[in-house]
Amino acid sequence: MHREKGRGKETERFLGLEIRDMGSTSTSKEIKSPEDLLETPTSLELDGKSRKKLGVFFIESNNRRTAFGRGYTGGTTPVNIHGKPIADLSKTGGWTAAFFIFGNEMAERMAYFGLSVNMVAFMFYVMHRPFSSSSNAVNNFLGISQASSVLGGFLADSYLGRYWTIAIFTTIYLAGLIGITLCASMKIFVPNQDQCDQLSLLLGSCEPAKPWQMLYLYIVLYITAFGAAGIRPCVSSFGADQFDERSKDYKTLLDRFFNFFYLCVTIGAIIAFTLVVYIQIELGWGAAFGSLAIAMGMSNMIFFAGTPLYRHRLPGGSPLTRVAQVLVAAFKKRHIPFTRSELVGLYELPGRQSAIKGSGKIPHTDDFRCLDKAALELKEDGGDPSPWRLCTVTQVEEVKILIKLIPIPACTIMLNAILTEFLTLSVQQAYTMNTHIGKLKLPVTCMPVFPGLSIFLILCLYYSVFVPISRRITGHPHGASQLQRVGIGLFISILSVAWAGAFERFRRGYAITHGYEFNFLTPMPDLSAYWLLIQYCLIGIAEVFTVVGLLEFLYEEAPDAMKSIGSAYAALAGGLGCFVASIINSIVKSGTRNPENNQLSWLSQNINQAKFDYFYWLLTVLSIINFCIFLYSAHRYKYRTEQIFKVRETKQNIPGEDSQIRI
């Protein structure tokens, strides 16, 4: 900070705007616009024709009592596990630390997809539950494990930090997997399997699981979901924390990190869809679920082994409390106009300090001006006002950012719904088709491996093929911006589900023509299941563009002290996608079934008499509408870096400005 000399009153410069000491009349420092440097405003004079930006009238008070007793500088400064600044950053973080984190995510994804692809069959064949209820139970498991990720993000950003959140919840995850393994391995936890052949299963005459057996299975299953909820929002953010944001290559490193991160997710999924399925076929359910527990246990040891290398960010206290304070303070001052004479200005701490632990300052923006009233400082507020009546500009801007981020991940809910539908509907299609590759018969449960393989291929070719080509088209140094990548993924998902509808129409017509209309359990030998690879590969490409772009977007755009909650937005969208898929299924089943006319629903169990093609086209229409909403939201969104750049541009244009401070 530069202090000007030769004046009677002390002045400072902050972000290119002059701060003049108010002397004995006030304990605050006022930030004024360049054109108003000669006089001190007593009110914000805003008329309909010419409104001054509220950011011009920052007030920085020295008397403000923060929630933590002081301000915090360098909100993103990395610390060690003990919360102390790291003296030599070269000995910590970077790719070495990131690889220890990659192992944990790979095992978690392996367990997640291993359960998703095997648990429906386990409930049907072993626990003797109807296929529909088994499918709904697994969909609920998938949805809850993702939607509750907000809880993990909240704990990480508020109290525990990302490292300890991962450490605690990955242990819970392991405990759940051990419980599922015991359920599949010990006869006491499963119903009697005697005299239960395939025909008995189809007729529903096998001995059902006892209520306490299902209760035990649900408990350990949801313990696993709870563990996943704490890991998912933190792993990607914690990995990105290992890179120095002051490095000139930070953007490139972050871009590559999220691609490698999703590559690990994909490898975990491929192992789940191949090796775990093979173990289940050859060695049984206990060995299959046990392999997931062993993988998670090994990844936990690898994660803890990397502890000395990790860089940490200090948790910033409860973000929900800060959000609530802004909303309450804005509501209390909702009737106070910006032109009120008693108005001192918008409140902020002086200098580089932030009132929020683990966060730097955030420049003021003109979005959601109603929330700015939470930062309006009045003379009646006094020298030590309650944080429920007066909030800092940074605190208000945090809430604005969280609100502005919502439309982007919300537009990915439809993609996640399609992924959920493909996980079940495409497998049902594959059951009616020939899955042989030469003399090798591929299990139907291995079919979801193909989207993973397409993702793996895309990620491997991303920097050598996609980036150079797209860079020529867009001029973007990384080939495409984060939102452009999300948009590309959503567009490709439309092509995927449209092709699925077209091919299902052909498949159903083929089944009816060749006499398989009522025999949906018998595969058609002359129709290869590998026609499904087109829709699988398209949805895989869509997923990698959308999810990787979204994760990077949320990490960079989220406030410093809310990175995990930002990442949880993506997981929440995934969970809501599962629930949306279930809701759409229920509506379609009830709306298209007419028992009086013997009309089956579009999603009838007999796929050869159902109308899966109509259902896919319904998803296509919904996806097109969703894509249009995304285009509108993305067009209106302004990146935080662009806003900060504009502030710095304004700063550089101020006459006589020879020394500024950067936040």
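## How the helices pack

Helix axes here are lines fitted to C-alpha atoms over the stretch in contact, and angles run from 0 to 180 degrees between N-to-C directions. Helices (H or I, at least four residues) and strands (E, at least two) are DSSP runs, numbered from the N terminus. This is a predicted model, in which local features need pLDDT of at least 70 and side-chain atom pairs count only at pLDDT 80 or more, while totals for chains, interfaces and linings use all residues. Residues are numbered from 1 along each chain as its sequence is written, and side-chain values use heavy atoms, with hydrogens and water left out.

Two packed helices are described by the angle between their axes and the distance between the axes. Take helix H5 (residues 211-240) and helix H15 (residues 563-592): their axes cross at roughly 120 degrees and come within 8 Å. The two are therefore oblique to each other, given that angles under 35 degrees count as roughly parallel, over 145 as roughly antiparallel, 65 to 115 as roughly perpendicular and the rest as oblique. The crossing of H5 and H15 is right-handed. A crossing gets that name if the near helix is turned clockwise from the far one by less than a right angle, and is left-handed if anticlockwise.

## Helix H11 and its two partners

Helix H11 (residues 413-431) packs with helix H16 (residues 612-636) at an angle of about 165 degrees, and their axes are 11 Å apart. That makes H11 roughly antiparallel to H16, and H11 passes H16 in a left-handed crossing.

How do H11 and H13 lie to each other, roughly parallel or roughly antiparallel? Their packing angle is about 25 degrees, with the axes 11 Å apart, and H11 and H13 are therefore roughly parallel. The crossing of H11 and H13 is left-handed too.

## Salt bridges across the chain

A salt bridge is counted when a side-chain nitrogen of Lys or Arg lies within 4 Å of a carboxyl oxygen of Asp or Glu. The whole structure holds 15 of them. One of these joins Arg 485 to Asp 255, with the closest N and O atoms 3.1 Å apart. Arg 485 lies in helix H13 (residues 482-513) and Asp 255 in helix H6 (residues 250-283), so the pair ties together parts that are 230 residues apart in sequence. Both Arg 485 and Asp 255 are buried, a label for residues under 20% relative accessible area, with exposed meaning over 50% and partly exposed in between (1.4 Å probe, protein chains only).

Lys 400 and Asp 372 form another salt bridge, their closest N and O atoms being 2.9 Å apart. In the bridge between Arg 505 and Asp 613, the closest N and O atoms are 3.4 Å apart; it connects H13, which holds Arg 505, with H16, which holds Asp 613, and the two residues are 108 apart. Here Arg 505 is partly exposed, with a relative accessible area of 44%, whereas Asp 613 is buried at 0%. There is also a network of salt bridges linking Glu 105, Glu 108, Arg 109 and Arg 232.

Ile 81, Tyr 159, Leu 160, Trp 164 and Ile 168 make a nonpolar surface patch of about 460 Å². Patches are built from residues with over 30% relative accessible area and no salt bridge; like charges are joined within 9 Å, and nonpolar side chains (Val, Leu, Ile, Met, Phe, Trp, Tyr) within 5 Å. The areas come from the Shrake-Rupley method with a 1.4 Å probe, and for residues only the protein chains shown count as cover. Ile 168 sits in helix H3 (residues 149-185) and, at 38% relative accessibility, counts as partly exposed.

## Backbone and spacing

Most residues other than glycine have a negative phi, and most peptide bonds are trans. Phe 368 is not a glycine, yet has a positive phi of about 45 degrees. Phe 368 is placed in the loop between strand E5 (343-348) and strand E6 (376-378) and is partly exposed, with a relative accessible area of 35%.

Where is Ile 624 placed? Ile 624 is in helix H16 and is partly exposed at 42%.
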